[in-house]
Amino acid sequence: MVKFSKQFEGQLVPEWKEAFVDYWQLKEDLKKIHLLNNNSNHPIKHSHHNSLSSNILSSLKEFSLFGHQHKDHEAIHVHKKLASSASKGDLYETELLEQFEDSDAAKEFFSCLDLQLNKVNQFFKTKEKEFLDRGDCLRKQMEILVELKSAFKKQRDKAANSSQDSTEDASIDCTISYEEDSVKDRTEQEQIQDDSTGELEKNEVLDSPRSEEMGEMGKSMRMKRDDIKLRTLSGHVFNCQGKNLRINIPLTNPSRTFSAISYLVWGDLVSQSSKKCNPEGSKLHINKTKLHHAEKMIKGAFIELYKGLGYLKTYRNLNMLAFIKILKKFDKVTGKQVLPIYLKVVESSYFNSSDKVMNLADEVEDLFIKHFAEEDRRKARKYLKPHQHTESHSVTFFIGLFTGCFIALFVGYVIMAHITGMYRRQPDTVYMETVYPLLSMFTLMFLHFFLYGCNIFMWRKARINYSFIFELGPTKELKYRDVFLICTTSMTAVVGVMFIHLSLHTKGHSFSQVQVIPGLLLLSFMLLLVCPFKICYRSSRFRFLCVLRNIVLSPLYKVVMLDFFMADQLCSQVPMLRNLEYVACYYLTGSYKNQDYGYCMRAKHFRDLAYAVSFLPYYWRAMQCARRWFDEGQTSHLVNLGKYVSAMLAAGAKVAYEKERSVGWLCLVVVVSSAATIYQLYWDFVKDWGLLQINSKNPWLRNELMLRQKFIYYFSMGLNLILRLAWLQTVLHSNFEHVDYRVTGLFLASLEVIRRGQWNFYRLENEHLNNAGKFRAVKTVPLPFHEVDEED
């Protein structure tokens, strides 16, 4: 049977861990009481006499002069202090009425228990208010969307019946109304709230009322309003019953970005001409595409709200169970009957008695079924409560099977390559120039993928919520077993084909026929990647292609965590990209037919393309930093952009040194690369990993650590420093004896991939701790309809 502490830790919301009952601290306090009770089992006669007399006196106190029980017969009494304001919850304080074996330890236990109860109540009330406010805002957004769609449908039917011009389909009569309060910009409020909350300590977040933040919120909202116009695709302002509304669609793709730019350029001219032509402003120009985007945004906001309400239910149930378990243990250790007394207080406390969360969850589910699921409850559950795929034992079986096949084929390939002398200093030049780049490319790619599987395993073990950070759907994300299966299967196929190719090559078969085999292998993987059929993890493949598209067009797409995380991976795969470019050139130009492997090196345009490939990952990453600065306005993104610019300068200096090996270029390489390395190390340790904090309780680390052993962090920092200095090989030209220089290059490229693998773990650990520091467990979805001022 699983212990409750492990069950409790496995089911709690990782980002809210600090807000849950500190069950482990309560157990430590209980152990102290247990040890003191064990020591008191061997008392001297005097102490036995005192304890006997105290028991007699306590029993006499239980009865009054008239033979009835005394009102203070209970072991404890919990006092309730009413809240001083609506934002603060009631406070509970326990008074000991009976004599315990060790009063100080018992007081310490109940003091900690009261603190946990007050903390849980305050956090629950804060989150409940946040979700209720979000629910009210979504309800108003839904009302506006329904009326807009209804007006659009009526106008379209009217235009169709009257056989008028199709241009009238894009305009709607302004007959929209909504109730009571105005629709506020929830995106701005939540963003400002996150920024202000991040500056506070966690205990202050639990205790401080949200009303104190609202004053500054209103000021900063006005200051940011002009920036929001530049960062969203805003429609024309329309007035309905004295309310000014605008539809804001985030610039998440190139079409919206170009539309926003054109709106900024021509917005004033269009608005002036529309005022002249239609001074009364009786038409609302909203097309069907905008309504579709608005509906999609509101749908996503409903899903995230429902998820947050589910987390809050889990928070309530787990904390209630934790109180029951720890009180049972206390009764067992002390022999007192405290559970029924304190449990009444817990059951009547705010976090357990409030039913607002349950009511709101039911309302959200009903609204979602009505407006987004066509009254189909089963269809709505697929979005609101998606089921995770169960892990199959067959996956583990095939991992073992393909691992064995890979090892056997790899050993056979190594033996054959050793016999033929392929990898010595004087190898078969044709083989090393044509086939080895393909093998090197697949080795680096699947080594990186294997390390990603190891990252997923460690993230899950350390309770790092990587799915939320990457915004992965629970039904589509790859588990670490799936990643290992892909790696072992792919590398078995690659090594198997290489083994067959080398066997045919050594037996003297036709060169043109044999050389087709590696090209067909690459073509097979490319076709499988874009295969539209529902096989081989189609959703993950398509998501990967979408991320690559976002990276290549990074200035035009909104940058999310998964995008720049993948772009960082590409920065460590420059040798693989150069091998891919060379292999593609070798087969697409037909050089494999006549063994002209040097054509791609001689042709100037292909040589320039090879150099450009070395710069592209850093350029993409720099453009992502620029886009994030444009969207968020934080100067730290510009500083991060400078890191990738320094990496491009270092790469350019190395390319120039390869062309002209002079002392001047060598000195420039050393200076620029050293500066870039220092820049990168600082950003790795301080920004990406969050380490090297001066006032940390863990020297040179940070206060919160997900791993228990501190030496792992120090070792990783040292290893990252050493592997960052791999560029020194450009200067030293070190090679292994009796080994071809290409093998040495593959070894050094593998070290960079390994460095990136360990970087990944600490990068997401720091991101997870940032989310936990702000208690951010659900995604904030921007809403489309916003109220604007009259002057806007």
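What share of the 792 residues of the chain counts as buried? The share is 44%, where buried means under 20% relative accessible area, exposed over 50% and partly exposed in between (1.4 Å probe, protein chains only). The model is a predicted one, in which local features need pLDDT of at least 70 and side-chain atom pairs count only at pLDDT 80 or more, while totals for chains, interfaces and linings use all residues. Residues are numbered from 1 along each chain as its sequence is written, and side-chain values use heavy atoms, with hydrogens and water left out.

The chain holds 29 helices and eight strands, taken as DSSP runs (helices H or I, at least four residues; strands E, at least two) and numbered from the N terminus. Of the contacts (heavy atoms within 4.5 Å) with a separation of 6 or more, 73% are between residues 24 or more positions apart.

Helix α9 (residues 288-334) and helix α12 (residues 356-372) have axes that come within 10 Å and cross at roughly 150°; axes are lines fitted to C-alpha atoms, for helices over the stretch in contact, and angles run from 0 to 180 degrees between N-to-C directions. The crossing angle makes α9 roughly antiparallel to α12, a term for angles over 145 degrees. Among the residues that meet are Phe302, Leu309 and Arg316 in α9, and Val364, Phe368 and His371 in α12.

His387 lies in the loop between α13 (377-384) and α14 (393-420). His387 is exposed, at a relative accessible area of 68%.

Methods
Angles under 35 degrees count as roughly parallel, over 145 as roughly antiparallel, 65 to 115 as roughly perpendicular and the rest as oblique.
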